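Please examine the sequence and the structure shown here before reading on.

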Amino acid sequence: MSIQPRFLAHKLASSSSVSSTASSSPHVVDLYLDYVCPYSGRLFGTVYNSLLKELEKQYPPGAFTFVFRQVVQPWHPSSTLVHEVALAVEKLAPGKFWEFSNVLFKHSTEYYDTAVYYENRAQTYERLANLASESVGVNKDEVLKLVTVPPSEDGAGHNIGNDITVDLKLFVRQHRQNSVHVTPTVAVDGIINNDISSGWSVEQWLALLQGVYEKN
């Protein structure tokens, strides 16, 4: 499934450790993930930190492309905020998107329900912007500028959102139209594979993708 040009940093080719803006590869693996879902974190960690290295050893460059599909799970209120900051980082430094996503999953417990319950929205943004600055070198003030909700000029309440709201809506619409509700969910070449779970080993992934590649 295609992705809008402005979100090309969500694509990661198996031949490279940085985001790819090249043309689509023979096989596309869509990862539907939520940053505050522990199961999403397990799957992402396996793919990003282990599987990609093995694919680079065994297949030609660009044999597979992985696409990060953001899925906000609304029963975790902080999910929206974490995804917004990830999109802000992508907008400011596209090549840092996957690296920062890896950082977010490693720090995900810091944004679980119990961790954010006694802080307000602005405080959560502040912590996330600090994390972006400290981990991948993105300017904290620029991140906050993108996610801050400006005050109402007339003093009345308005649902005006921030500079990331429109981008996030597109991802929400995309996973809703594809009836993706559970995280993680994985689609291979556009077909959802419900056999893939967060507990899959690298060996299980390699066996699946070998079959996909051989059918090319």
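The model is a predicted one. Two packed helices are described by the angle between their axes and the distance between the axes. Helix H1 spans residues 38-58 and helix H3 spans residues 97-106. Their axes are 10 Å apart and form an angle of about 140°. Angles over 145 degrees would count as roughly antiparallel; H1 and H3 are therefore oblique to each other. The crossing in which H1 passes H3 is left-handed.

| Helix | Residues in the contact |
|---|---|
| H1 | Ser 40, Gly 41, Phe 44, Tyr 48, Asn 49 |
| H3 | Trp 98, Glu 99, Ser 101, Asn 102, Phe 105 |

By class, the contact of H1 with H3 comprises 4 nonpolar, 5 polar and 1 charged residues.

How many of the 10 residues of H3 are buried? The number is 8, so H3 is largely enclosed by the rest of the structure. The buried residues of H3 are Phe 97, Trp 98, Phe 100, Ser 101, Asn 102, Val 103, Leu 104 and Phe 105. Their cover includes strands S1 (11-13), S2 (27-33) and S3 (64-70), together with helices H1, H2 (78-92) and H5 (121-136).

The largest nonpolar core has 62 residues. Trp 98 and Phe 100 are among those that touch the most other members, as are Leu 31, Leu 51, Phe 66 and Trp 205. Leaving aside residues up to four places away in sequence, Phe 100 touches Val 85, Ala 86, Val 89, Leu 128, Leu 131, Ala 132, Ser 135 and Val 136.

Definitions and conventions. Residues numbered from 1 in each chain as written. Predicted model: local features only at pLDDT ≥ 70, side-chain atom pairs only at ≥ 80, totals over all residues. Heavy atoms only, no water. Axes fitted to C-alpha atoms, helices over the stretch in contact; angles between N-to-C directions. Helix = DSSP H or I, 4+ residues; strand = E, 2+ residues; numbered from the N terminus. Parallel < 35°, antiparallel > 145°, perpendicular 65-115°, else oblique. Left-handed = near helix turned anticlockwise from the far one by under 90°. Contact = heavy atoms within 4.5 Å. Nonpolar A, V, L, I, M, F, W, Y, C, P; charged D, E, K, R; others polar. Buried < 20%, exposed > 50% of the residue type's maximum accessible area, 1.4 Å probe, protein only. Core = buried A, V, L, I, M, F, W, Y, C linked by side-chain atoms within 4.5 Å.
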